[in-house]
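Okay, thanks for coming, everyone. Let me put the complex up on the screen, and then I'll walk you through how the chains meet.

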Amino acid sequence: MARVGLSKDELERYQAQLGDILEHAARVQALDTEAVPPSAHSLPMVNAFRPDEVEETLDRDEVLDAAPMRHGGYFRAPPFLEES
Amino acid sequence: MSAADLTIAAAGAVLRSGDLSAAGLLDAVRRRIAETEPIVDAFLAMDETGADSAAAAADEAFAAGTDLGPLQGIPLAVKDNMVTRGVETTAGSQILAGYRPPYDATVVERLRAGGAVIVGKTNLDEFAMGSSTENSSFKVTHNPWDTNRVPGGSSGGSAAAVAAGSALGALGSDTGGSIRQPASLCGVVGMKPTYGLVSRYGLIAFASSLDQIGPFARTVDDAVTLFETIAGHDPSDATSYRGDVPQVRADLESGVDGLRIGVIGELAGEGMEPDVLAAFERTVELLSGAGAEIKTLSLPSVEHALSAYYLIAPAECSANLARFDGVRYGLRVDGDNVEQMMAATRRRGFGPEVTRRVLLGTYALSAGYYDAFYGQAQKVRTLVIRDFEQAYAEADVLVSPTSPTTAFCIGDRTEDPLSMYLSDVCTIPSNLAGDPAISVPVGLDGQGLPIGFQILAPALGEPVLFRVARAVEDLANFEARPGLTAGEAGA
Amino acid sequence: MSYETVIGIETHVELKTASKMFCGCPVDFGAEPNTNVCPVCLGLPGALPVPNERAIEWTVALGLALGCRVAERSLFHRKNYFYADLPKNYQISQFDLPLCIGGHLDIETEAGARRIGITRVHLEEDTGKSTHLGESGRIHAAEAALLDFNRSGIPLMEVVSEPDIRSPEEARAYAHELLAIILALGISDARLEEGSVRLDTNVSVRPEGSTALGTKVEVKNLNSLRSLQRTLDFELERQVGILESGGRIAQETRHWDERAERTEPGRSKEESSDYRYFPEPDLVPLAISAEAQERIRASLPELPAQRRSRYLDLGLDNRSARLVAEGENYGDTFDAAVAAGADAKAAANWLTGEVTAHLRRAHMALGDSPLVGGHLAELHAMVKGGELSSTAAKDVLTGVLDGEGTPRQVAEKRDLKQISDASALEAAVDEAIAADPETLDRLRRGDQKIVGFLMGRVMGATGGKADPQKVREIIQERASG
């Protein structure tokens, strides 16, 4: 899920550390939040929009220069796993 | 005295009086960099050509009578998790080694528009995860006060650069204390604004609801100057505050007479290094002597804040770091197919601390756990916000030591769990609440290492925050400099 | 045992806003790859999304048109999965607080009228596009994947129906009507074949009368109404076949293979269904006020159902009403024609007949042709006034569509005007009669064949332009006296 390419024992090692998370979770669970709404941010804000207007795009060459691999005007990547 | 030791305010004066050109000031700073970098290693990349043209442009503007503002011609450093167009930006990670962004962060644009001279990008813990800068995948930065010690983190490079005089000011980012703690350990001023006052556009995200960009400087006045330049609504950041930026200068010198100062009870005793506690208490007494009313307040939620932070930050970071996959930029480790390539790239490109947090965050968000973990943590955030609001009914500002310890030794990552815990508890609550906070250097410990005094204010409370900080600065009269300068050995 | 089908449809609609959902890049189909990109839609480090106000308004508009309730508070969520065409490896979408909830869509099939529930309408961003470099251009045996992010970030609206649909015909009618509404609102080109609309369907069967739901099979990315219907026909048969032979339906995602004319298992992009949704921390909640809702509601154009109903009232039959209401620009042209005085049925007949045939031959859309409602009114007036026969009117119409000018101008240029002038026609008839001495006698004796013969002579002599009605009258006059 996190796609970090871990080996089996690394995975086991990290899994032990998941215990930390569980501890923090237990602590927050212990609090009474029955009537408490969640807050995503501190200053209450709603409706931050932008108008439907076109703005300058990036220059394609500048963009593809940073690409690990390009193919003409495309980003090039290894093939997708065959899905079946 | 080298011009590299000038404050931004003083430098601004000599630039305008004609006693020094921007090019000359840049030269002085470069000489300081040449002297100190071999030992401090604060920078990851220098922008020689960019800085030269910016200094030249500043001088031309001065000559033409154009005043772009107090940062015109001033050499500054920027933490390497803010994108700078055409200049390598790595976030301290191998996964972005050699990456040159095609755009500037909004804060960088604002610095440039003000005529600032950006000399280079500073070192940090990889993706801003850490509190010593030892997690950088490129190099270790050394504390200018004692080069065997860490500068703090994650903005250790910026703090060290300002302390060493390798920049007159710098930008850092603070998600759980990453500006304030290194400021404390390096004996400089470091400030985290109210969440939303400074645009995050161009800041390589760690935890979106907690990250804020803020200034490092040697004086409170300079920190205000930097803050005023970067703060303000940005239409490119939907979380950017749309109201007016609070006016700070008006009351800056008004002192603390009549103000109510709340000492955070949970952070005023057990676990603090004795010298740190002593410096803290001494400062509080000075404030009292200057007319402030001192009270001790209990904020039990500072502990809950920690657990909430340790659920929210990894969760958000796990999603924010998903984009680093070797497809469009940065490191690519080849694979037979794109899925393998992504996994191999991230495996090689991310350091162990980053990998750990990404995994924990993924776990915290996974099916069945959202409500118990992230969801619950968001509710705890509300409790913390309310707790602080109640405290601010009793006090105009809250205070605590910035860090329970002074700088610890490199490689010696403080193993004392209580100390690490307290370190987090000092700084994390204001990130969770979204409130502004600042660290001001107030003294040295028995080993000559700087101690920081932390002030917290309510959301949009920058005016009272800086006002108290300015008073503390005056009262503490901290004038020490790291012995690194002028060729001397460590203090 | 007889079975009933339970069908739901998810419709993904690319909105034709000027700019993308979360950034200012242009929404421009057919541009060179990776030319409409910026830090935001490329997922570059440090980039942040800001929502497109118009995309939100249009989503609310569709929700209102479908009778939905607009949420007082709505959130964007991150939908997390790794895929190379998804730059951030999460998609900004909506989860449990979508913009619009709980509406309905009324449809008609041969079996009758039905109301299909709408669960929700929500807004998200589209992904980039991948093509594969290799022998066949297909995923299998490809050498490399080529990625184009022009499409990444285009606003994508999703309409989810309740599983109220009970037959492949109903499914088709539902999709047809939904697309007609979307077109009427002007928020998308809604072209299935081009990909600006994509259909997913889920289908299960159960014994008739049962209320328990059977195992659901999903088929994604259908790109025509025909394949939607055929997919459902096939699935119905396949699933019933399995159940009747005692088997169990596998819950899976399948895809429609047009060439093999069957659904096949697999080809699902998302391996894991754990998207780890959490509210997008880079965005703030949406709160669409009652005033904003009213403003949007008031600005809704006439919807297809209302339009069809109005046309029925004008005397059009069901088929014409539907064709004129739904054809792109047909309704507006028709309304303009009627407003300018054209007879409704005549205008409708021309539109659904001659005009449609001509446009099809010329591969043109009505909106791109020179024809306007006023032309039809003029044409109608000329026919009514006897200036044109109905056959000639068709030719004139062709001329107008070909850009030759107004009906009057075309009639002049092509010399199609009918001769109705009494004295000219009388002269022609008299001439034809005089050509042969026996003609008048035969006429007076009531010989009908000679009438036809004379008609032919007169039409020939006038180059087909004589008003046949009048000619016949004159011949009758001569016959009787």
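**Confidence first, then contacts**

So, chain C has an average pLDDT of 91, and 97% of its residues score at least 70; pLDDT is the predictor's confidence in each residue, from 0 to 100. For the whole complex, the predictor gives an ipTM of 0.95 and a pTM of 0.90. Quick housekeeping: this is a predicted model, where local features need pLDDT of at least 70 and side-chain atom pairs count only at pLDDT 80 or more, while totals for chains, interfaces and linings use all residues. Residues are numbered from 1 along each chain as its sequence is written, chains are lettered from A and ligands numbered from 1 in the order in which they are written, and side-chain values use heavy atoms, with hydrogens and water left out.

Let's start with A against B. Here 47 residues of chain A are in contact with 59 residues of chain B, contact meaning heavy atoms within 4.5 Å. Together the two chains bury about 4800 Å², with 66% of that on carbon and sulfur atoms. Buried area, by the way, is the accessible area (1.4 Å probe) that two parts lose on being put together, summed over both. Of what chain A buries against chain B, 13% comes from A:Arg3, A:Ile21 and A:Leu43, more than from any other three residues.

How many salt bridges cross between chain A and chain B? The rule finds one, where a salt bridge is a side-chain nitrogen of Lys or Arg within 4 Å of a carboxyl oxygen of Asp or Glu. The partners are A:Glu62 and B:Arg85, and their closest N and O atoms are 3.0 Å apart.

On the chain A side that touches chain B, the elements giving two or more residues are helix 1 (8-29) and strand 2 (74-77) of chain A. Those are DSSP runs, numbered from the N terminus: helices are H or I with at least four residues, strands are E with at least two. Helix 1 of chain A gives the most to that side, with 12 residues.

Now C against B. This contact takes 33 residues from chain C and 39 from chain B, and the buried area is about 2700 Å², with carbon and sulfur atoms giving 62%. Again the count is one salt bridge: B:Arg200 pairs with C:Asp282, the closest N and O atoms being 2.9 Å apart.

Strand 1 and strand 2 of chain A run antiparallel and are joined by two bridges, with A:His71 having A:Tyr74 in strand 2 as its bridge partner.

Within chain C, strand 5 (residues 100-109) is joined to strand 2 (residues 69-70) by two bridges, running antiparallel, and C:Arg69 stands opposite C:Ile101. Strand 5 of chain C also pairs antiparallel with strand 6 (residues 112-125) over nine bridges, C:Asp106 sitting opposite C:Arg115. Strands 5 and 6 of chain C form a hairpin, with two residues between them.

Definitions and conventions:
Pairing = 2+ DSSP bridges.
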